[in-house]
Amino acid sequence: MTSITQSASWKKLEDHYKKIQKIHMKDLFENDPDRFDKFHINFDTTLIDFSKHRVTDETIPLLLNLAREANIEAWREKLFSGEKINFTEQRAVLHTALRNSSNQAILVDGHDVMPDVKNVLDKMQRFSESVRNGSWKGFSGKKIQTIVNIGIGGSDLGPAMVCKALKAFGHPDIDPIFVSNVDGADISQALEQCDPETTLFIVASKTFTTQETMTNAFSAREWFLDKVNDEKAIALHFVAVSTNAKAVTDFGISPDNMFEFWDWVGGRYSLWSSIGLSIAIYLGMDNFNKLLAGAYEMDQHFLNTPLEENIPLILAVLGVWYINFFGFNTHAVLPYDQGLSLLPSYLQQADMESNGKFIGRDDEYVCMHTGPIVWGESGTNGQHAFYQLIHQGQDIIPTDFMMPLKSQYKVGSKQDEHHKILFSNFVSQTRALMLGKTEGQVRGEMFPTNEDYGDLEHLIKHKSFEGNRPSTSILFEELNPKTLGQLIAMYEHKIFVQGVIWNINSFDQWGVEYGKQIAKLVLPELNASHATTIFDSSTNNLINNFKKNK
């Protein structure tokens, strides 16, 4: 395949970039009072404002032509129809089927997967309701009060993020805990919060062989049996999200309490599947279904809306614009909602594991930068940490600001004041990043009269800001299951579009596997009594130092 960089649309964007690279956004706003009207989209109760970007009336059409030249519409159809677009693993990519609320069949190898999806959702509903209403009881007859989700990667990040974001909708008598790190501190600190009589463990591993997950699961099992001393009780306190019935049964979990998912569900897209069992228990299946419904609404928007009004597509091409033309290779996600504090971590995996690739679909090296470094923190905490670099650092970092117009929480008589202060910070940061502040403005603020201020003159440069730093503002009515579903699906599709333009497979992760392969070689050496000599000098000495000090 000829590289997209050789296409007519790419060449036009290169020429356009040369013309506008030095244009300042504040001038664009001054010259066009209707700029916001041109560069925002309303979707349901959400407003996406991309007017504070380094684009003119010409830019978006040129970027959309690039997406067309990359055949985005055909690839979009392949995604939704179940074609095996994850070609290195010969798998369909059908997280969209998990939230498909239409009656449309979706075929994989000629098999309609929708009845399978519905059966698992029905099973999740029955089980989650039994835990929530107390009819499911532990070995001593007590109700479940704590659920511990043991997983890693997508089996942890998605459910943990959703449960934290939607805590206001959670069951008042059930506490969710998420364990992922194989560091013994993680499972130990979790178990310190647990009572074996009232704790339910969810072991989330498709193969039931994932090293980190199963190490933590067996440690939890050992802790439980030390307290209870009855292997039969395991069946009342452990359930599995897996496809390996034999390993699940050998662990002591009843096959009736094994929740299936499929190889066409990628790990980082799996919260919509039975991996979301912890979500269903904590929030209730009604709210889980609303989460799915919100994602389905965004799926339909992405699938059916013209490119010019298509939110994921526009966000995607803006990212390509900055990464491949301006050379801005990082992206910050800044939610002004404490519940969304785990969203940047979740999107790190969704984006960086998907598009951190240097080999394209044509098996050749990709000749452009793919995948930004994604990071962030909830506001206003970030303002007192890293915003200094965003405002005045030498790296320009495109940012996504997001905030609900209504809070789920009431703080005495001060709630309205809390939210107004939060919003004032939200909107002022985007404006400051766009505007900047010239040395003349700083001088006017510092020296409003002709009085001699002496040594203070040198502060002018330090207090000035270049501005012209791009951001997207995302406002939604409130953070609830439906809007969160829409938001997550929006980013999923944005990432997909960028992968199509870069001609990479966004759905495998071979880099992750390589590190695991080496770990399997290192582990036996840690148990050997002799000095390790089989690796490079650095690795050998690190291993030997570890063994010496153990």
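This report describes pockets, cavities, salt bridges and selected residues of the structure shown above.

The model is predicted, and for that reason local features need a pLDDT of at least 70 and side-chain atom pairs count only at pLDDT 80 or more, while totals for chains, interfaces and linings use all residues. Residues are numbered from 1 along each chain as its sequence is written, and side-chain values use heavy atoms, with hydrogens and water left out.

**Open and enclosed spaces**

Spaces were searched for on a 1 Å grid over the protein atoms alone, where a pocket is an open set of points with protein on both sides within 12 Å along at least five of seven lines, a cavity is a set of points where a 1.4 Å probe fits but cannot get out, and lining residues have an atom within 4 Å of a point. Grid points are joined across faces, edges and corners, and a volume is the space filled by probe spheres set on the points.

The largest pocket holds about 1,100 Å³ of space. Its lining consists of 40 residues, and those nearest its centre are Thr 210, Gly 267, Gln 509, Glu 513 and Lys 516. Helices and strands here are DSSP runs numbered from the N terminus, a helix being H or I over at least four residues and a strand being E over at least two. At least two lining residues of the largest pocket come from each of helix 7 (154–165), helix 9, helix 15 and helix 21 (510–527), and helix 21 gives the most, with 8 residues.

The structure also holds 5 cavities of 30 Å³ or more, and the largest cavity has a volume of about 140 Å³. Among the 16 residues that line the largest cavity, Leu 315, Leu 318, Gly 319, His 331 and Lys 494 are the closest to its centre. Two or more residues of this lining come from each of helix 14 (311–326), strand 10 (330–335), strand 12 (399–406) and helix 20 (481–502), and helix 14 gives the most, with 5 residues.

**Salt bridges**

Side chains of opposite charge can pair when their charged atoms come close. A salt bridge is a side-chain nitrogen of Lys or Arg within 4 Å of a carboxyl oxygen of Asp or Glu, and by this rule the count comes to 19 salt bridges. The table gives three of these pairs.

| Pair | N to O distance |
|---|---|
| Lys 118 and Asp 122 | 3.0 Å |
| Lys 357 and Asp 508 | 2.8 Å |
| Glu 477 and Lys 406 | 3.0 Å |

Lys 118 and Asp 122 both lie in helix 6 (residues 114–132), where they are 4 residues apart, about one turn of the helix. For exposure, buried means under 20% relative accessible area, exposed means over 50%, and partly exposed means in between, with a 1.4 Å probe and protein chains only.

In the salt bridge between Lys 357 and Asp 508, Lys 357 lies in the loop between helix 15 and strand 11 and Asp 508 in the loop between helix 20 and helix 21, so the pair ties together parts that are 151 residues apart in sequence. Both Lys 357 and Asp 508 are buried. In the salt bridge between Glu 477 and Lys 406, Glu 477 lies in strand 13 (residues 471–478) and Lys 406 in strand 12, so the pair ties together parts that are 71 residues apart in sequence. Glu 477 is partly exposed at 31% relative accessibility, and Lys 406 is partly exposed at 44%. Asp 32, Lys 38 and Asp 57 are linked in a network of salt bridges.

**Selected residues**

Contact means heavy atoms within 4.5 Å. Ser 278 lies in helix 12 (residues 277–283) and counts as buried because its relative accessibility is 1%. Not counting residues up to four places away in sequence, Ser 278 touches Ile 147, Asn 149, Pro 159, Cys 163, Phe 178 and Ile 202.

Gln 349, in helix 15, is buried with a relative accessible area of 12%. Leaving aside neighbours within four places in sequence, Gln 349 is in contact with Gly 153, Gly 154, Leu 157, Arg 268 and Ser 354.

His 171 sits in the loop between helix 7 and strand 6 (175–179), and this residue is buried, with a relative accessible area of 15%. Beyond residues up to four places away in sequence, His 171 touches Arg 132 and Tyr 282.
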